[in-house]
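Me: Hi! Could you walk me through this one while I have it open?

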Amino acid sequence: MRYVRLISLCLIASQVFAQNPRPPQRPAQSTVYLLKPGQVFDGESAQVHTGWVVLVHDDRIEGVGPAANVKVPAEAKIVDLPGTTLMPGLIEAHSHVLLHPYNETTWNDQNAHESLALRVARATVHLQRTLMAGYTTIRDLGTEGAAYSDVGLKQAIEQGIIPGPRMLVVTRAIVATGSYGPKGFAAEWTVPQGAEEASGNDVIRVVRDQIGHGADWIKIYADYRWGLNGQAAPTFSEDEIRLIVETAKSTGRAVAAHATTAEGMRRAAMGGVETIEHGDNGTAEVFRLMKEKSVSYIPTLSVGGANNQRKKAVFKLALDSGVTIGSGSDVGVFPHGDEAREVELLGAAGLSNVDAIKAATSVDAKILHMEDKIGRVKEGLLADLIAIDGNPTKDLSRLHSVKFVMKNGTIYKQ
Ligand SMILES: [Zn+2]
């Protein structure tokens with residue numbers, strides 16, 4: 001009898017879980033669009049294609065090519081986009097949607113004085129601006145004190161509650177014990193930090209815990225400004241980084257490393273991370289090592305500031321080494337919605353216009369292991385498509401003139 005009661009209890013419980021409240025999804029109706037731009041940049045070829053059309057069926061690209069070659073079903077809705085260049089939705093490989101520019105509020109004060117609710121409310125606006133600027137996928141590299149709220153924001157977008165780009169998230173990010181901030185408090189105080197501290201074998205637990213909370217990538221700080229005179233110095237040992245990478249990798253996840261010193265970059269590359277962010281003091285030797293280890297470089301030129309000339313020189317070393325260069329701007333430090341400034345700066349620093357746009361489309365897609373889903377205008381891929389007024393392969397500043405945004409086959413801007 002007790003057994004029967006247990007079973008019926010389980011049945012009730014399973015019904016409760018089956019009815020687990022989720023907001024209503026959009027009704028599953030088949031939608032077909034025929035997009036007719038002036039030309040198509042497919043994310044790969046150097047040439048734009050004039051007279052091409054793109055057929056979208058639900059969330060996928062079903063056909064692309066010269067108008068005469070694409071079979072159009074009668075129910076297709078025609079979207080005329082004259083004078084525009086249709087291209088893959090842009091990808092931002094390094095964002096912080098939970099930060100806003102430091103000239104509005106310092107990083108310390110955002111961490112210590114802004115409530116989680118305030119920060120999340122602001123982030124919802126950032127996400128909308130990002131999507132409307134043509135960025136349909138972002139890798140958000142750390143909430144900077146806002147706990148795991150990137151996971152909730154990602155869910156809100158996926159459930160259609162707020163508009164925003166597709167998100168890959170890292171949650172809190174990982175810093176070596178004692179290295180990060182906010183700093184400047186009395187030594188006997190314990191102050192919540194902008195990322196999660198770990199040292200030694202404990203890095204394994206922290207990686208697993210962040211994965212348990214929803215991390216898609218793991219982000220570490222391989223160096224930080226904690227040297228004797230406040231200059232940047234390495235944080236984790238090569239062994240610690242290797243442990244972090246192994247732990248993440250055994251679940252299929254990759255690691256991104258903030259590093260501005262040559263030694264921090266070297267340890268990160270030797271430890272097995274997949275992307276190195278910033279790299280301000282990269283040397284020819286360390287870029288060669290990155291190339292050899294297939295580590296991609298995200299230079300974040302947008303936050304180069306006064307050091308811009310030096311950063312350009314370092315960028316030239318990276319370019320000469322043949323290392324893969326992706327587009328990630330560190331947006332949040334500057335206003336959300338202005339991510340395309342990174343693509344312009346990649347062009348100004350030495351990439352051809354086409355290669356700069358590829359960095360933010362097909363190259364970033366590959367770096368994020370999503371090349372079979374996004375980053376190109378290609379049959380079978382997700383319908384993440386934007387239309388630019390004019391031709392960005394001739395003039396990168398056109399990327400700020402986004403006339404049309406489609407993500408997953410849904411139109412957000414027209
Ligand atoms: Zn960053």
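Me: Is Leu 345 buried, exposed or partly exposed?
Reply: Leu 345 counts as partly exposed because its relative accessibility is 27%. The cut-offs are under 20% relative accessible area for buried, over 50% for exposed and in between for partly exposed, with a 1.4 Å probe and protein chains only. This is a predicted model: local features need pLDDT of at least 70, side-chain atom pairs count only at pLDDT 80 or more, and totals for chains, interfaces and linings use all residues. Residues are numbered from 1 along each chain as its sequence is written, and side-chain values use heavy atoms, with hydrogens and water left out.

Me: Which helix is Leu 345 found in?
Reply: Leu 345 belongs to helix H10, residues 341-349. Helices (H or I, at least four residues) and strands (E, at least two) are DSSP runs, numbered from the N terminus.

Me: What is Leu 345 in contact with, leaving aside neighbours within four places in sequence?
Reply: Leu 301 and Ser 302. Contact means heavy atoms within 4.5 Å.

Me: Switching to H8, which residues are buried there?
Reply: In H8 (residues 284-292), those are Val 286, Phe 287, Leu 289 and Met 290. They line one face of the helix, because they fall within an arc of 155 degrees seen down its axis. That arc is taken from the directions from the helix axis to the C-beta atoms.

Me: And what is exposed on the other side of H8?
Reply: Glu 285, Arg 288 and Glu 292.

Me: What do the buried residues of H8 pack against?
Reply: Helices H7 (262-271) and H9 (308-321), plus strands S15 (275-278) and S16 (296-298).
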